[in-house]
Amino acid sequence: MIRRIYTTIISFTFAVLTFTSCSNWLELYPADEIKEEYLFSSGDGYRTALNGIYRKMSTFSLYGSNLTWGIIDAWGQAYYLGEAPDSGGGKAMKKIANFNFKNAELLPTTDAMWNAAWNVVANCNNLAQQVAGADSLQFYGGERERRMILSEAIGLRALMQFDLLRIYAPAPVRMGYQDDKRTFIPYVDTYPSYVNNHQSVMYCLDKVINDLKQAQTILEKVDKESKMDVSNRFSPAGTGEVMFLSFRGYRLNYYAVTAELARAYLYAGKKAEAYAEAKKIIDVNKNQRYFRASSSRYDIEDGNMKMYNDIIFALYSPTELTEWDYEINHASDDGSEYSGDYLCIHRNIAQQIYGDELETDWRATYQLESRYGAYYYRPLKYYAQPSKAKYAEVNNQTIPMIRMSEVYYIAAEAIFDSNPEEALGYLKEVKKGRGVSFNKTGIGREEFMNILVNDARREFLGEGQILYLYKRLNIPIKTGDPYYGEDVLPTDEYAVLPLPDSESNIN
């Protein structure tokens, strides 16, 4: 049983923020502890508490690095790390890429990730319990705002624990080869919670799905009033409380929780349910066109490096691409082509992934930069764009969490056996939005899945989803090193991170 999961947070260090005008609710940073009775005495306090959760999620220990372009992508062999030194910013990434999970240079990073993740879960649980019984008159937006905060807290605890499950347990597809009664992590949905039993993979997935369904039911009504086009999702509307009720791209909105539910269903092997959830978004998108893939390469040239038009949900961080990019990649960069750049893609691997589309796919031509005489490619998605670029601000402050492209992937994979033409249409939609012509017809499932996985490796680069794709499908983790690396199956040895010693040696 896990006894220490909350030892760093149970004293109610809410990872929250000082009370400042809520017109600046996206700009606040973690500060000192705030007493619970004061925090939840007004609508401002609830808004501050929810903002603190999002800001905690966007830190380096979680989605600001580790769970996106950092150690999770390194673990998924997204990079060639042969040029990375054994010390400095990239050392943890190099260790996990070698599956050296117990290395002393990696453990501080993974321990910090574990602690930060459970901090988020505890804060979500406390906020959910507090707001569930709150008087709607406390809130500027009344009952709608109260329900919005409640549903986001429930959805975020599910999202966070789903990722913990994908990291610290095998995928369901592998459980058929092993005892499916084995337990790995708890699922925690109350606060405070000092002692929590480890649970099975399917138990945790059922809890994730139930929480996401609960959040979805509430948010379906909440977001009927929300403007979800790209300018409203990622650009502020109004100030103060009005701003809090808008800006839904940086919050777990209805479409985001529906997409996350489709993702969880597919991971659980429930294809029909995954398709049904994905189709809800696809059908709305046909008419509303909320989540459009970038349709202009000129936008990308003008700073839209993350092609944010189709991002359904992102975290906000004004430092994600400036301070952290420098810490990892440019600590020794003298400006020449032959310095810095720990994170590269080897030319041979890029050619393997892109094939004949290396010169035409916008994800290659704009998101990869040729380096070292075209021997490596530097991924540019998480590099800061110059301030003069038209889309620099939104690009530099946005951490993609889930995209419309993934919704199409989910629907395509789930429906292929019964309707391959529909599935190919979804894949065509993704490729068209990335500048690629795609007219395949009459292909079998194996070829289709090879194409889909290949495209996902391009799409998910820097976003922390590649490893989970390999685990879910039980296919080899593709090496990022064409000389010394090798593909490995996602067995427990290579694809399950051991629990921290402080947790795993408590029975």
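The following legends describe close-up views of a predicted model.

**View 1. Cavities of the predicted model.**
The structure contains eight cavities of 30 Å³ or more. The largest cavity has a volume of about 180 Å³. A total of 16 residues line this largest cavity, and those closest to its centre are Leu266, Glu406, Phe460, Leu469 and Arg472.

**View 2. Helices around the largest cavity.**
At least two lining residues of the largest cavity come from each of α6 (142-168), α10 (254-267), α17 (404-415), α19 (445-459) and α20 (466-473). Among the contributors, α17 gives the most to this lining, with four residues.

The lining of the largest cavity comprises ten nonpolar residues, one polar residue and five charged residues. Glu406 and Arg472 are among the residues closest to the cavity centre, as are Leu266, Phe460 and Leu469.

**View 3. Ile311 in strand β1.**
Ile311 lies in strand β1, which covers residues 311-316. Ile311 has a relative accessible area of 0% and is therefore buried, the limit for that class being under 20%.

**View 4. Surroundings of Ile311.**
Apart from its neighbours within four places in sequence, Ile311 is in contact with Arg233, Phe234, Phe291, Lys306, Thr398, Pro400, Ile402 and Arg403. Tyr250 is 61 residues away from Ile311 in sequence, and the C-alpha to C-alpha distance between Ile311 and Tyr250 is 9.8 Å.

Terms used. Residues numbered from 1 in each chain as written. Predicted model: local features only at pLDDT ≥ 70, side-chain atom pairs only at ≥ 80, totals over all residues. Heavy atoms only, no water. 1 Å grid on protein atoms, 1.4 Å probe; cavity = no way out; pocket = protein on both sides within 12 Å on 5 of 7 lines; lining within 4 Å. Points joined across faces, edges and corners; volume = space filled by probe spheres on them. Nonpolar A, V, L, I, M, F, W, Y, C, P; charged D, E, K, R; others polar. Buried < 20%, exposed > 50% of the residue type's maximum accessible area, 1.4 Å probe, protein only. Contact = heavy atoms within 4.5 Å.
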